[in-house]
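Colleague: I have a few questions about the packing in this model. Please put the structure up first.

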Amino acid sequence: MTDFANKRWPKWLLLVSFAVLWFSTLGYRKLISPDEGRYAEIGREMLASGDWLTPRLNGIKYFEKPILQYWATATNFKLFGETEFAARLWPGLTGFIAVIALYFTAKRLFRRKPDAETRAIGAATILASSLWWIGNGHFLTLDMGVSSFLAIALFAFVWAQQDDTTPHENRNAMLVAWGAIALAIMSKGLIGLVFPGGTLLIYSLWTRDWKPWTRMHFVKGIALLLLISAPWFVMVSRANPEFAHFFFIHEHFQRFATDQARRDGAWYYFVPVLIAGMLPWAALLPQIFRTGWASNNAQRFQTQRFLFVWAVLIFAFFSKSHSKLPSYILPMFPALALLAGFVLTDLRRRSWLWLSGTMLALGVVLMVAAPFIAAKGSDKTPQIYNAAFSHWVLVGGIAITVLAALALWSALRRRFDLTLIALAATGLIGAQIPMLGHNEFAETNSSYHLIEAIKPQLKPGSTVYMYRYYDQTVPFYLKRPVQLVEYEDEFTLGQQQEPDKKMNDEDFLRHWHNDPAPVAITNPDRFRELQQQGLAMQIIASDPRRIVITRPASASTQASN
């Protein structure tokens, strides 16, 4: 394994292969609701309107998250067009950069060990091929961006606080850490500061090591943080007086302390997420945590314990929160991967066999599950889509099984370099195949095909309504906002500030009868309500989850008379 890591061409081959496998699939799938449609549309509207200060969703003020990713997405749309690839490029790019940053950090951390290159490549490979890092790097949410900047802050801090770091290195690395913290705040808010600060405090209390506090460069660091993050917060607050209370109080403290977001879960909510998300490396978790708990008496700064505190704090913080989503614990994965670098070259053959056997079992399970998936169906997801998806699951299962068998074969022969690569491929290749196959559900989870069907029927004067229902992908694929009818949810604050963006049933019925060519999108339940009201309408397109209606020509004639 060491010989492989110390040769130049295999490292370049690994990097190029990783880049191709990572970026080539970003644009394959249609955007799905809600998150991907929401965050793509905010960036699209920013570019279309030219307003780079106040984020808007469906033309309505939207202050749930900071601005950085919206700027990045709008810029990507400007450069590459309003495509799925451009929409997902920011999480893909930041996730890729974090892997590269991990490699150089591990190389610096283990530089005095003869197998430093092996550990660095191995740690970076573990992060790059972990299921949850791959999944969030290819799905449009804000979690990969903030996780990557937090990872860079973590890596820079670890770099800065090493015992043999020179004053010059310490200053530069800490400024990188402060800058990354600022970008994390600009990505998703105060957690960008809470996790680094909380980790340092708990670490110092645990190890009684207060030396890092004297090497923080607080004056320069806080000045840099404010220079990066403060201008937008100040300007958006001046332009929108309602922003500060909603963003800092409602979106941070109230969301953490209450279940108003309706995302509560049991204390063990994130346990299966962690185990599944670490595949194909989940079997290393016990060793990783033991390594993080252990102290190193030869060094003042306890890198392993700092990484351990970082991971545990994030896990405990969100486990305690009343607002839980699976992607929330993503920032702990870079710390776990770097910790894995401490144990990777010391693994015995038994550990490599466990890792390989785990993925071999997963591949077999996917193959066995494929026909059962194909047989399932419901009103919202007809069996035909599950059947199409099951083919991808089968192919993914075959790929994982073959690659895991190769890993098992190489582990038996103690070719652990080949085992590492084969296991990484089970994630980067095998796990991505079912992810790509999820596009078979685009007919139900995305509005792309529905909007393509109705675009030729939309007239220049058509107003598109969404009646008591909202699909986040509709405005993006329609390339314009829609008029919401009796729908608030995340638009409550914006509609309070701009009441003209709100419409009730009475106003909708009046517009339906008087507009030149009205079109409405709703779901089957709401459609039946409109039928019971006797609304004059005809269906122009539909799918299992949505129905598109317009006013019949005869009703238009009667209205004009």
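Colleague: Which residues have the most contacts inside the largest nonpolar core?

Modeller: This is a predicted model, so local features need pLDDT of at least 70 and side-chain atom pairs pLDDT 80 or more, while totals for chains, interfaces and linings use all residues. Residues are numbered from 1 along each chain as its sequence is written, and side-chain values use heavy atoms, without hydrogens and water. A nonpolar core is a set of buried (under 20% relative accessible area, 1.4 Å probe, protein chains only) Ala, Val, Leu, Ile, Met, Phe, Trp, Tyr and Cys residues joined through side-chain atoms within 4.5 Å. The largest has 153 residues, and those with the most contacts inside it are W281 and W352.

Colleague: Which helix gives the most to this core?

Modeller: Helices here are DSSP runs (H or I, at least four residues), numbered from the N terminus. With 13 residues in the core, the one that gives the most is helix α8, residues 143-160.

Colleague: Is E242 buried or exposed?

Modeller: E242 sits in the loop between α11 (218-239) and α12 (243-257). Because its relative accessibility is 13%, E242 counts as buried.

Colleague: With which side chain does the side chain of E242 make a polar contact?

Modeller: Leaving aside neighbours within four places in sequence, E242 is in contact (heavy atoms within 4.5 Å) with K61, F63, L493 and Q497. A polar contact is a pair of N or O atoms within 3.5 Å, where one must be able to donate a hydrogen and the other to accept it. At 3.2 Å, the partner side chain is that of K61.

Key. Buried means under 20% relative accessible area, exposed over 50%, partly exposed in between (1.4 Å probe, protein chains only). Helices (H or I, at least four residues) and strands (E, at least two) are DSSP runs, numbered from the N terminus.
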